[in-house]
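Please work through each task before reading its solution.

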Amino acid sequence: MTDDPLRPEPGLYVTATPIGNLKDMTYRAVEIMKGADLILCEDTRQTAKLCAAYGVETRRAPYHDHNAARVRPGILKQLAEGAVICLVSDAGTPLISDPGYKLVRAARDAGAAVFPIPGASAAIAALCAAGAPSDQFHFAGFAPQKPGARAKFLEKLSTVDATLIFYETAPRLAESLRALSEHLGDRKAVVAREITKMHEAFHEGSLSEMAARFADAPVKGEIVIVVHPPERGEADEAEIDDFLKNALQTMRVRDAAAAAADALGVSRNDAYARALVLKDDG
Ligand code: SAM
């Protein structure tokens, strides 16, 4: 280890890299990669291209699902000795549908410092341009492929009152949209393709419309599916009041409001405010 004042603090740096456009690399990511003792790569050949583009000459070693358990103890030992280690994946942010979680967990458990070097991630890039509500979202990653497991996975998600974000591959796109429409209802959705690359495209439509469209005209490239939240029910005021009055006989205000929100599809805050009034009146 050197006494270089520019040397990054020892620790594990979880470093985001571009998801297509090389210019989405951050200054800080380049600086940390240059200053590190070692870069752990999902695929060393892929990271070699990035390093060549930015003049990074740091030693690289593989860290992926197949060798992680074997090499982790050695990495932890280096961290304990004060090494500066960078973790990158092939594209985007490590740990987001990519390796790294167990290493971060183990590094923290061992008392090593872990620093995020934030940057691109396809999920956030898709969300911020899709035009779906962004106040609450649920990142679902890749849905299971086997129909039984996928049905269970999607049924659980069907009640989540938030925008849903899925990763998918082009060959499975049409089938995946069909399954989403079957289990989530025919919601509005956006297929974000090749984000930040030459053929970037955002396709919008209902899940079933797009399932048919992509079955007829398959596309290539990398894909994120953004699904709008379930439509809120149009319960009228009398219906909400009846529900709340009934619920307030046995429940606290907060629980009655939550039950009304779940049962009638109204906002939890609105139901809470109304429940307070009814409680005071009653
Ligand atoms: N760690 C990455 C991130 O932060 O986005 C994700 C890695 S995951 C193995 C790869 C998946 O991310 C692809 O199958 C696709 O669903 C999505 N993805 C990555 N780059 C993309 C891009 N440029 N456009 C659309 N989707 C992309």
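How many aromatic pairs does the structure hold? The structure holds three aromatic pairs; rings of Phe, Tyr and Trp (its six-membered ring) pair if their centres lie within 6.5 Å. The model is predicted: local features need pLDDT of at least 70, side-chain atom pairs count only at pLDDT 80 or more, and totals for chains, interfaces and linings use all residues. Residues are numbered from 1 along each chain as its sequence is written, and side-chain values use heavy atoms, without hydrogens and water.

**Exercise 1.** Classify the pair of Phe139 and Tyr167.

Step 1. The ring centres are 5.0 Å apart and the planes stand at 70°, so this pair is edge-to-face (planes under 30 degrees apart count as stacked, over 60 as edge-to-face and the rest as tilted).

Step 2. Because Phe139 lies in strand 6 (residues 137-142) and Tyr167 in strand 7 (residues 163-169), the pair ties together parts 28 residues apart in sequence; strands (E, at least two residues) are DSSP runs, numbered from the N terminus.

Step 3. Tyr167 is buried at a relative accessible area of 10%, whereas Phe139 is partly exposed at 30% (buried: under 20%; exposed: over 50%; partly exposed: in between; 1.4 Å probe, protein chains only).

**Exercise 2.** Classify the pair of Phe142 and Tyr167.

Step 1. With 5.8 Å centre to centre and 65° between the planes, this pair is edge-to-face.

Step 2. Phe142 lies in strand 6 and Tyr167 in strand 7, so parts 25 residues apart in sequence are tied together.

Step 3. Phe139, Phe142 and Tyr167 form one aromatic cluster.

Key:
Helices (H or I, at least four residues) and strands (E, at least two) are DSSP runs, numbered from the N terminus.
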